[in-house]
Amino acid sequence: MNGRDNTGGTSGSNKPGLTLHIPEPPFRPGDPVDYSYLEIPRPDAIARPDETAAARSMVDLAYGLIRVLDDDNRAVGSWNPHLDDTTLLRMLRTMALQRAFDDRLFRAQRQGKTSFYMKATGEEAVAIGATFALDREDMCFPSYRQQGILFARDYPIVQMINQIYSNRLDPLFGRQLPIMYSARAYGFFTLSGNLTTQYPQAAGWAMASASKGDSRIAATWCGEGSTSEGDFHNGLTFGAVYNAPCIFNVVNNQYAISSYSGFAGSERTTFAARAIGYGIPGLRVDGNDILAVYAATNWAANRARLNLGPTLLELFTYRAEAHSTSDDPSAYRSAQERQEWPLGDPITRLKRHCIDKGIWDIARQEAMDLEVAQEVQAAQKEAEQNGILGHGLHQPDQTMFQDVYEEMPWHLREQSEQAIRERALKWPE
Amino acid sequence: MSMIQALNSALDVMMARDDRVVVLGEDVGYFGGVFRVTAGLQTKFGKQRCFDTPITECGIIGAAIGMAAYGLRPVPEIQFADYIYPGLDQIISEAARIRYRSAADFICPLTIRVPFGGGIFGGQTHSQSPESLFTHVTGIKTVIPSNPHDAKGLLIAAMEDNDPVIFMEPKRCYNGPFDGYYDRPAKSWADHPDADVDEGYFRVPLGQARIVREGGDLTILAYGTMVHVAHKVIDEHGIDGELIDLRSLVPLDIATIEASVRKTGRCLIVHEATRTSGFGAELSALVQERCFYHLEAPIERVTGFDTPYPHSLEWSYFPGPIRIGEALDRLMRE
Ligand SMILES: Cc1ncc(C[n+]2csc(CCOP(=O)(O)OP(=O)(O)O)c2C)c(N)n1
């Protein structure tokens, strides 16, 4: 003991004692819900600036909310992307497919066919709207809730399920947690479980593209909780310093597992406003309005392609279901939150818009829902032929040692031989 | 050539041969790096190929990984090994795993250059030897030259390798070989045979140790600066020692180590890094596992102490001729 008082405290002082602020979400289980504190502006409350405008001329965009679909389901205002009917219906179908997929694979986890799953229910517009606005060749550096990119780029869903089951046709040889896809040919970077590591990587990819005179751009996503990670800021620093053609997305779904967004700093400012200190545009977007997501991404992509550098988009949305199959949101948030979320559901909103436009109806919607459910079911059956997690039909043991290095060094060769020997003893043919 | 010139020459040769090679790091562009290893590269190859970065090691390595995923071959410099720690997550969780986790869908050809080691009055944050942190991480390679010829050849091989490489440069040897006698005038590379370095392209393959001096009495395993210190001590003690410069820790040239210890029956391991869980522990275990029945004495380790690198007492910390000499005497008595 050095005799010093290490407990802190007010010893010897007659100044008023300080208090530490610990953020607390507005509602806990059992609380009634009141969203009146949320400011939800009418669409076009902030008009769409020209892509070439200076970042400091559009600071308002970081504090507003870009919306296209109004309360009567009409697409209005200067952000309206004026998409053709075919595109609208393709978006609708892609979101429905993802929802059916998430529901079915979530159940597959409950049935013990795999170890883990993460849904993006209520957030489908975030990744799907963005992907529709990007070019097929642009490179995406997603987090774990942007499976929508793969649906929007027509990645084979059987292959997604093979990966989720870690079965013998899993393209990643059972090495990755379910949903941690990798699809270079689809512009989908290999997923990491470490939050925001993809942020500086996306900036670096975009820098490389720019330095080679390429025309492709990069986009990356993270959750609002993850914006507290150093790599979030590393990515923005690199993006801003080198004017990298990169779109930085923050998916503000209000929750980081059980911690509400206040623990990432939302009590003081918006996540879009993080852009202001970097001197890049920050746009806050209604993430449940796929037309707004499309419009904002398209704006940021145009800006990047004009060599005007990065944009930060905050997609304001709500995580309608659990964080993952290992989470129970009823333990920490009010049951009413989801129903009363004032920005609605992205699929319902687009569906109503299409119906109001006269290009869609309830019967066709029901038929489509059935069709995508059957498509997922058929894919699941096919994938199950190749095995489910823990049921023998997995990879030969030597695949565990491949791809650690390009060539297998002696110590891995020795360990591989050991694994093969042990397997023969454990499971004699 | 000095080691600095040799490293500069390796970068120069590879940037000229392959326009995917880019050099980035704090101060590496206009200024040419705090140790001048990247001097002249920006003038010659332009700012797109050699440029300064913000001061964020995790950002530098993360961005370099993205560049590698695009198809470039980035060579980031971390100013001192002591500052690679903020970048560790990008090295350990990302660079090292991208090939594996994507089943080679994406690869990460990255060469992270980093000066390391003490003996320059750098204090505790400019002197560390963190190589065993990297050798413990599977998926990356750890390479350490000890002289100008190898520095150039190994750096070229590292840059051509499709796996991420941590390339650790013993900065005490940048301007001359160091024999451990800190109180004598520093030598330059001028008359050293290993400083006769070809101007053009050549490579020293990764994973091949070099027998610096053949001998029958005892095997010394060393790398970086400690190769020169150990060499001096063997000569002074008149011991017929076989000195092996490992050159790369991962992949490790186990065949050369094994053949030598089986021949000599004695093994001394020397490194500057702190002792506990240092790379010497791994070497010692490997030798014990593979050569036990050939050993005539216990394996010995000579290392830095398990303290931070002290500023004014750095020569007490440094495993110099006395510490190595005593170990040699003990081993030869058995
Ligand atoms: C570096 C790191 N720390 C912690 C975790 C554990 N973790 C996984 S998801 C998560 C919450 C992330 O919340 P947010 O960024 O808001 O994304 P969301 O899940 O809401 O989409 C945490 C803490 C992790 N994966 N990586």
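Axes here are lines fitted to C-alpha atoms, for helices over the stretch in contact, and angles run from 0 to 180 degrees between N-to-C directions. Keep in mind that the model is predicted.

H10(B) lies across E8, E11 and E12 of chain B, at about 160° to E11(B).

Now show the sheet itself. In chain B, five strands form an open sheet in the order E7-E9-E8-E11-E12, with mixed pairing. Its edges are strand E7 (210-213) and strand E12 (300-304) of chain B, each pairing on one side only. On average, neighbouring strands are turned by 25° against each other, direction ignored.

Zoom in on strand E8 (residues 218-222) and strand E9 (residues 241-245) of chain B: they run parallel and are joined by five bridges. Here B:Leu221 stands opposite B:Ile244. Next pick helix H8 (residues 225-237) of chain B, which packs on the sheet and touches E7, E8, E9 and E11 of chain B. The direction of H8(B) makes about 170° with that of E9(B).

Then bring in chain A. Together they bury about 3600 Å², with 58% from carbon and sulfur atoms. Select B:Tyr70, B:Tyr100 and B:Arg101, which supply 22% of the area that chain B buries against chain A, more than any other three residues.

Last stop: of the two salt bridges across this interface, one joins A:Lys212 to B:Asp19, with the closest N and O atoms 3.7 Å apart.

Terms used:
Residues are numbered from 1 along each chain as its sequence is written. Chains are lettered from A and ligands numbered from 1 in the order in which they are written. This is a predicted model: local features need pLDDT of at least 70, side-chain atom pairs count only at pLDDT 80 or more; totals for chains, interfaces and linings use all residues. Side-chain values use heavy atoms; hydrogens and water are left out. Buried area is the accessible area (1.4 Å probe) that two parts lose on being put together, summed over both. A salt bridge is a side-chain nitrogen of Lys or Arg within 4 Å of a carboxyl oxygen of Asp or Glu. Two strands pair if DSSP finds at least two bridges between them. Helices (H or I, at least four residues) and strands (E, at least two) are DSSP runs, numbered from the N terminus. Contact means heavy atoms within 4.5 Å.
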